[in-house]
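Subject: Structure handover

Hello,

Here is the structure that I am passing on to you.

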Amino acid sequence: MEPERARAVSAATRIPTCVAKAELLTNRTVATDTYLMELKLPVDWPTPEPGQFVSITIEDDWQETQSGETGDALLRRPFCLYGSESRDDCRIIEILFTAVGKVTKRLACLEPGALVDVLGPRGTAFPLLPDCESILIGGGRGIAPFIFTARELRRKSYPFQMLYGARSADQLVALDEFAELTTTITDDGSSGRGGTVIDLLMDCKIDNSPVLLACGPHGMLRAVAQFAAQKKLECWVSLEEVFGCSMGICGGCAVPAKGDDYERYIWACRQGPVVDATRIDWNG
Ligand SMILES: Cc1cc2nc3c(=O)[nH]c(=O)nc-3n(C[C@H](O)[C@H](O)[C@H](O)COP(=O)(O)OP(=O)(O)OC[C@H]3O[C@@H](n4cnc5c(N)ncnc54)[C@H](O)[C@@H]3O)c2cc1C
Ligand code: FES
């Protein structure tokens, strides 16, 4: 396996995982029900790679009041890294999240100074390839890992473009940073033409065998993987399954795979979230 590709599969074991208390620096609304959170971690927190995730719990009495009723509020919740920056005395990470349920709605209410318990960085990373164009394909909140990825690709001067789809214009985020390299689409046509990110991919001019990197709902990932197979393109997907422990213990994140015996399932939290799309049994 070539070194850059090997990075994607080795990141999970190469980088140590830490648990740390992070201080919330900012938490602002960036789209409907969607927030961008900035967390301050100790300076020695391991350097993450684009595509990796962190697992979060909230450090306050709220958790106890919830756990009496539901128990699952105690489970850590996984989030991709939207950004990461090393400063003299700390590491800053950014998380983009949509308030969909118990923990994310509570996260949306946290104010600067709150403490959040962060486990990470965990999981595999996207391969960043110097020798061919990367097409980053984000659907909905699947855009989250691609700002970090795009920043790294730009820093290394590797070629890329971004295709980004959302339900409607009020759910599009981070449009300014890579505007000249991003094509957007919305289901309802409220920004750009109406359609899905798969329509953008179909219309994309494919030159010199680009690599496809995708994150979004399962159906979208399956369509990207089918497109890649038809065009014989390399394709890596970030699996956003519902996680249980996020630690490789419970098997709650198992995704059907094409291997035999022990390889019939990929545990997305341990062997992913970024995996080679050809390994997934998309009909499983
Ligand atoms: C590797 C990984 C990276 C992720 N990165 C991000 C991110 O960067 N930003 C972001 O907003 N979300 C991300 N998610 C999804 C996020 O973890 C869930 O939205 C979160 O766990 C919901 O917790 P909750 O307590 O608010 O919702 P709950 O109260 O537990 O559930 C509320 C609803 O959300 C659904 N739900 C829960 N988890 C998921 C999930 N993983 N995918 C789809 N629906 C889910 C439930 O089925 C339920 O309908 C990621 C998930 C994974 C596995
Ligand atoms: S979520 Fe428990 S093993 Fe992956």
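**Ligand 1 and its surroundings**

Ligand 1 has 19 residues around it, and the closest are Pro78, Leu96, Val103, Thr104 and Arg141; a residue counts here if one of its heavy atoms lies within 4 Å of the ligand. This is a predicted model, in which local features need pLDDT of at least 70 and side-chain atom pairs count only at pLDDT 80 or more, while totals for chains, interfaces and linings use all residues. Residues are numbered from 1 along each chain as its sequence is written, chains are lettered from A and ligands numbered from 1 in the order in which they are written, and side-chain values use heavy atoms, with hydrogens and water left out.

An oxygen atom of ligand 1 is 2.9 Å from an N or O atom in the side chain of Arg77. A backbone N or O atom of Thr98 is likewise 2.9 Å from an oxygen atom of the ligand. A nitrogen atom of ligand 1 lies 3.1 Å from a polar backbone atom of Glu241. On its own, ligand 1 has 870 Å² of accessible area, and the protein covers 78% of that (Shrake-Rupley method, 1.4 Å probe; for residues, only the protein chains shown count as cover).

**The chain as a whole**

The protein chain holds 7 helices and 15 strands; these are DSSP runs numbered from the N terminus, with helices being H or I of at least four residues and strands E of at least two. Of its 284 residues, 52% are buried, where buried means under 20% relative accessible area, exposed over 50% and partly exposed in between (1.4 Å probe, protein chains only).

How many disulfides are there in the whole structure? The search finds 0, a disulfide being a pair of cysteine sulfur atoms within 2.5 Å.

**Cores**

The largest nonpolar core has 33 residues. Such a core is a set of buried Ala, Val, Leu, Ile, Met, Phe, Trp, Tyr and Cys residues joined through side-chain atoms within 4.5 Å. Ile137, Leu163 and Leu212 are among the residues with the most contacts inside the largest core. Elements that give two or more residues to this core include β8 (134–139), β11 (211–215) and α6 (218–231), and α6 gives the most, with 6 residues.

Leaving aside neighbours within four places in sequence, Ile137 is in contact (heavy atoms within 4.5 Å) with residues including Phe146, Leu163, Leu212, Met220 and Val224. A second, separate core has 29 residues, including Leu128, Cys132, Leu153 and Leu172.

Helix α4 (residues 144–155) is largely enclosed by the rest of the structure because 9 of its 12 residues are buried. Among those buried residues are Phe146, Phe148 and Leu153. Their cover includes β4 (77–80), β6 (90–98) and β9 (160–166). Just after α4, Ser157 has a positive phi of about 60 degrees.

Leaving aside neighbours within four places in sequence, the contacts of Ser55 include Arg77 and Pro78.

Regards

Notes. Polar contact = N/O pair within 3.5 Å; in protein donor to acceptor, adjacent residues only side chain to side chain.
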